[in-house]
Amino acid sequence: MSLLRIDSVHKHFGSHHVLKGVDLKVEAGEVVAIIGRSGSGKSTLLRSINGLETLSDGLIEVDGERLHAGQTDMRALRLKVGMVFQQFNLFPHLSVVENVMLALGVVKKMARSQARECAHAVLDKVGLSHKLDARPGQLSGGQQQRVAIARALAMSPKVLLCDEITSALDPELVSEVLAVVRQLAGEGMTLVMVTHEMRFAREVGDKVVFMHEGRIHEQGTPEQMFGAPRSRELAAFIGALGG
Amino acid sequence: MIEFSIWTILQYLAQGLGWTLCLSLLAFVLGGAVGGGILLARIATYPLLRVFARGYIEFFQGTPLLMQLFMVFFGLSLLGRDVSPWVAAGFSLTLYSAAFLAEIWRGCVEAVDRGQWEAAASLAMSRWEQLRHVILPQALRHAVTPTVGFSVQIVKGTAVTSIIGMTELTKTGSILANATLQPFTIFGMVGLGYFLLCYPLSRLAHYLERKLNVLAAH
């Protein structure tokens with residue numbers, strides 16, 4: 001059975017129909033890259049997976065945890081789904097290690113010493129164990145994003161969602177963040193990412209999903225999608241990127 | 001006419017100042033507590049609570065404090081309860097401060113980036129946990145200066161309670177003015193008394209603003 005199942009999901013913002021019946025299955029350990037123009041609904045789809053957007057219709061299931069239209073209690077679902085944001089969204093009033101520890105204590109009721117140990121381990125993984133007591137404001141964008149990844153990983157999610165996580169970074173800082181993602185993919189983490197980094201999507205993605213006008217227009221392996229696009233829209237999208 | 005020595009006058013005024021201070025503290029502390037509750041209602045997810053809080057804030061911000069005081073003082077008497085000026089003054093100043101503090105604090109909560117709520121939510125925190133651990137600590141930094149600034153308004157606001165017979169600073173002043181027939185001198189001293197209370201508060205507000213800005217820059 002798939003780890004993540006998205007079943008005819010619809011989303012309306014007022015009269016604006018953003019998602020028009022999206023179906024998608026993601027297997028454990030799979031890396032899925034969602035591509036498409038802005039306004040195609042890819043970010044909305046990603047944000048629906050952990051309940052940041054409520055569904056107008058349809059169903060999302062992550063590791064047996066279901067999300068229906070109109071549901072308001074997202075806690076169980078969110079324990080299974082981690083998320084990394086474009087703007088990092090670190091907590092500026094807390095140090096790096098406290099950013100990672102907060103939810104371990106508050107949500108998982110972990111003892112402080114245990115939470116600290118866990119935070120050290122994930123920060124070590126993203127190469128920031130020397131910045132434990134720094135404030136987010138003292139870090140570069142790339143470092144902040146790596147802390148954000150560590151913060152999500154500390155909760156041991158089944159799926160990690162990445163919403164254009166390199167879009168707000170200076171070009172020279174992109175590669176350090178992608179290196180962390182590549183490492184996670186190599187370790188078998190299930191990843192769903194919205195990205196503009198086509199070369200990266202091609203390199204680490206097991207599956208590429210092209211969204212167009214609120215629907216999944218085409219999906220396949222990176223080789224198929226970038227090498228031999230079947231639809232005119234995908235070909236035009238890839239062509240426009242100069243890829 | 002009774003002769004008052006300057007010392008007697010100062011003694012009475014000091015007593016009035018003390019009551020003004022007590023009343024201000026009471027309004028600030030109780031108003032802060034009620035205001036915190038109104039704030040929570042104002043940003044709640046239940047629409048009914050939000051509507052109630054909005055109505056509350058708009059009513060108390062949109063009507064004069066003096067009228068609110070009369071409503072409480074005479075309104076409660078109508079119900080057959082004889083209320084002491086203390087109760088009426090404390091009660092109406094509390095309700096008044098609560099409305100303004102809730103509105104000030106709401107602005108501070110809203111100044112925190114929406115991404116902070118979302119990040120906390122994505123870590124499976126409940127709405128209360130998001131507020132308690134992520135939003136309020138950041139809002140607090142924005143809130144300190146305007147809150148201290150508003151305490152000056154409370155101190156000056158207590159003057160209206162002289163109308164229902166609270167012998168705070170203004171009332172003491174008008175009694176003394178009538179007795180000594182030197183209203184200008186007496187009210188000059190009354191004004192100085194308010195200034196002595198308010199000036200340190202506005203200095204404190206400025207100081208905290210500078211200090212928090214320096215902290216935020218780090």
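Strand 7 (residues 159-163) of chain A is largely enclosed by the rest of the structure, because five of its five residues are buried. Buried here means under 20% relative accessible area, with exposed over 50% and partly exposed in between (1.4 Å probe, protein chains only). Strands (E, at least two residues) and helices (H or I, at least four) are DSSP runs, numbered from the N terminus. The model is predicted: local features need pLDDT of at least 70, side-chain atom pairs count only at pLDDT 80 or more, and totals for chains, interfaces and linings use all residues. Residues are numbered from 1 along each chain as its sequence is written, chains are lettered from A and ligands numbered from 1 in the order in which they are written, and side-chain values use heavy atoms, without hydrogens and water.

In a regular strand the side chains alternate between the two faces of the sheet. Both faces of strand 7 of chain A are covered. A:V159, A:L161 and A:D163 are buried on one side, and A:L160 and A:C162 on the other. Strand 7 of chain A pairs with strand 6 (residues 81-84) of chain A in the parallel sense, over four bridges. Two strands pair if DSSP finds at least two bridges between them. Within this pairing, A:G82 stands opposite A:L160. Strand 8 (residues 190-194) of chain A also runs parallel to strand 7 of chain A, joined to it by five bridges. There, A:V194 is the bridge partner of A:D163.

Aromatic contacts were searched next. Over all chains, 11 aromatic pairs are found. Rings of Phe, Tyr and Trp (its six-membered ring) pair if their centres lie within 6.5 Å; planes under 30 degrees apart count as stacked, over 60 as edge-to-face and the rest as tilted. A:F210 and A:F237 form a tilted pair, because their ring centres are 5.4 Å apart and their planes at 35°. A:F210 lies in strand 9 (residues 207-212) of chain A and A:F237 in helix 9 (residues 232-240) of chain A, so the pair ties together parts that are 27 residues apart in sequence. Both A:F210 and A:F237 are buried. In chain B, the rings of B:F52 and B:Y56 are also tilted, since their centres lie 6.4 Å apart and their planes at 40°. These two residues are four apart in helix 2 (residues 47-62) of chain B, and therefore separated by about one helical turn. B:Y56 is buried, at 12% relative accessible area. One aromatic cluster comprises B:F52, B:Y56, B:F59 and B:F60.

Chain B has eight helices and zero strands. Of its 218 residues, 44% count as buried. The C-alpha trace of chain B spans about 75 × 50 × 20 Å along its principal axes.

The largest pocket holds about 920 Å³ of space. Its lining has 30 residues, of which B:T45, B:W117, B:A121, B:R127 and B:Q130 lie nearest the centre. On a 1 Å grid over the protein atoms alone, a pocket is an open set of points with protein on both sides within 12 Å along at least five of seven lines; lining residues have an atom within 4 Å of a point. Grid points are joined across faces, edges and corners, and the volume is the space filled by probe spheres set on the points. Helix 5 of chain B gives the most to the lining of the largest pocket, with four residues.

How values were computed. On a 1 Å grid over the protein atoms alone, a cavity is a set of points where a 1.4 Å probe fits but cannot get out, and a pocket is an open set with protein on both sides within 12 Å along at least five of seven lines; lining residues have an atom within 4 Å of a point.
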